[in-house]
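Please look over the sequence and the model shown here before reading the briefing that follows. The notes are grouped by topic.

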Amino acid sequence: MSQMIRIAIDAMGGDYAPVEVVKGAVDALKEHNNVKIILVGDSTEIDRELSQHEYNKKQIEVVHTTQVISCNEAPVEAIRKKKDSSLIVALKMVKEGKADAVISAGSTGAVLVGGQVITGKIRGIKRAPLATVIPTMKGVSLLIDCGANVDARPEHLLQFAQMGSIYMEHVIGVKNPKVSLVNIGAEEAKGNALVKEVYPMLKELDTIHFTGNIEPRDVFEGETNVVLCEAFVGNVILKLAEGLSSTLIHAIKDGMMSSTRGKIGGLLVKPALKDTLKMFDASEYGGAPLLGLNGLVVKMHGNSKAKEVRIAVGQCITFMEQGINEKIREQLGRR
């Protein structure tokens with residue numbers, strides 16, 4: 001693809017901004033020559049970090065802003081008051097056609113609200129879900145919605161299922177992806193009012209490969225490709241998984257260091273264990289896209305470092321090259 005893909009990055013968002021954000025942007029240029037990265041934020045700080053790296057000057061632009069939205073600010077109020085913040089300016093660049101995508105590790109609430117209010121939804125899309133790739137025993141699955149719409153209705157879940165299928169097939173490369181609805185049991189009659197109502201609707205939807213309910217304990221087995229739920233459930237699954245994996249890793253390390261025998265055994269299993277744990281490392285998967293927008297907004301974890309930024313840039317490129325928004329418009333959009 002010869003056309004340059006323009007990605008605006010909120011250089012001031014996240015725990016390690018702008019140092020790791022700038023480093024990740026420069027690292028991405030080493031892998032992709034069809035991208036222009038626009039670093040949005042305090043130009044003095046950004047330029048200082050850029051001076052530490054070698055890169056193609058034609059592929060990076062710096063846009064100066066004077067404000068930053070912090071994670072403890074009310075999203076709606078911050079968006080209204082901080083018009084010259086790095087996040088808002090980056091989002092406006094997509095709205096105005098000056099950029100194709102936005103990446104931010106800043107305030108989740110501001111990214112979600114700003115993405116929908118400023119960038120705007122594709123005509124016909126009722127809600128924009130946040131979708132994140134999660135590791136499983138058989139590769140990866142897409143968890144949708146994982147944080148954007150905590151009071152979703154059945155018609156929203158129907159669109160989430162379709163958008164998730166499109167993303168999984170054309171970005172992740174899974175043909176005819178299986179879609180499963182998160183529930184407290186596998187039986188169709190189980191669950192709350194929302195899942196009971198949407199289940200038969202999903203069965204009738206011929207644009208997805210619906211396989212029925214999935215219990216949370218089976219999500220990480222990898223038997224399905226799109227894990228469908230409303231955002232309250234999705235966010236609980238995501239945060240529980242993050243906390244459990246962190247606890248298990250620390251418990252394993254403590255166990256290995258508790259005795260001489262454990263230390264010797266640890267040295268023997270370290271190579272295999274390292275490869276296994278890498279599969280469940282969230283930093284390997286970049287950020288979570290907010291689907292259904294006019295453009296692309298990718299939310300990274302607040303503690304993301306250069307590797308996540310680099311991978312998120314690659315996500316954006318694949319998203320644009322595969323024409324995901326065009327496919328969503330064709331299948332779900334209203335003309």
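Surface patches, as the term is used here, are made of residues with over 30% relative accessible area and no salt bridge, where like charges are joined within 9 Å and nonpolar side chains (Val, Leu, Ile, Met, Phe, Trp, Tyr) within 5 Å. Accessible areas come from the Shrake-Rupley method with a 1.4 Å probe, and for residues only the protein chains shown count as cover. By these criteria, Val150, Phe232, Val233, Val236 and Leu240 make a nonpolar surface patch of about 460 Å².

The model is a predicted one, in which local features need pLDDT of at least 70 and side-chain atom pairs count only at pLDDT 80 or more, while totals for chains, interfaces and linings use all residues. Residues are numbered from 1 along each chain as its sequence is written, and side-chain values use heavy atoms, with hydrogens and water left out.

**The nonpolar patch**

- Valine 236, one of the patch residues, is found in helix α8, which spans residues 231-257; helices (H or I, at least four residues) and strands (E, at least two) are DSSP runs, numbered from the N terminus.
- Valine 236 has a relative accessible area of 44% and is therefore partly exposed, on a scale where buried means under 20% relative accessible area, exposed over 50%, and partly exposed in between (1.4 Å probe, protein chains only).

**The sheet**

- An open sheet with mixed pairing is formed by 6 strands in the order β3-β2-β1-β4-β11-β10, where two strands pair if DSSP finds at least two bridges between them.
- Strands β3 (60-64) and β10 (288-290) stand at the edges and have a single partner strand each, so one side of each is left without a neighbour in the sheet.
- From one strand to the next, the twist averages 25°, with axes taken as lines fitted to C-alpha atoms, for helices over the stretch in contact, and angles running from 0 to 180 degrees between N-to-C directions.
- Strand β2 (residues 35-41) runs parallel to β3 and is joined to it by 5 bridges, and isoleucine 38 has glutamate 61 in β3 as its bridge partner.
- Helix α2 (residues 43-50) packs on the sheet, where it touches β2 and β3, and its direction makes about 155° with that of β3; contact means heavy atoms within 4.5 Å.
- Strand β1 (residues 5-10) is mostly covered, with 5 of its 6 residues buried, and 6 bridges join β1 to β2 in a parallel arrangement.
- Arginine 6 has lysine 36 in β2 as its bridge partner.

- Serine 104, in strand β4 (residues 101-104), has a relative accessibility of 1% and so counts as buried.
- Beyond its neighbours within four places in sequence, serine 104 is in contact with Asp10, Leu87, Val111, Val298, Lys299 and Met300.
- Valine 298, in strand β11 (residues 296-299), is likewise buried, with a relative accessible area of 2%.
- With neighbours within four places in sequence set aside, the contacts of valine 298 include Val102, Ile103, Ser104, Gly287 and Ala312.
- Valine 298 and leucine 112 are 186 residues apart along the chain, and their C-alpha atoms are separated by 9.6 Å.

**Salt bridges**

- A search of the whole structure finds 13 salt bridges, each being a side-chain nitrogen of Lys or Arg within 4 Å of a carboxyl oxygen of Asp or Glu.
- Arginine 6 forms a salt bridge with aspartate 100, and the closest N and O atoms are 3.1 Å apart; the pair links distant parts of the chain, with arginine 6 in strand β1 and aspartate 100 in the loop between α4 (86-95) and β4, 94 residues apart.
- Within this pair, arginine 6 is partly exposed at 27% relative accessible area, whereas aspartate 100 is buried at 19%.
- Lysine 138 and glutamate 223 meet through their side chains in a salt bridge (2.7 Å, N to O), which links the loop between β5 (131-136) and β6 (139-144) to the loop between β8 (209-214) and β9 (226-228), the two residues being 85 residues apart.
- Lysine 138 counts as exposed at 58% relative accessibility, while glutamate 223 counts as partly exposed at 45%.
- Lys23, Asp27 and Lys30 are linked in a network of salt bridges.
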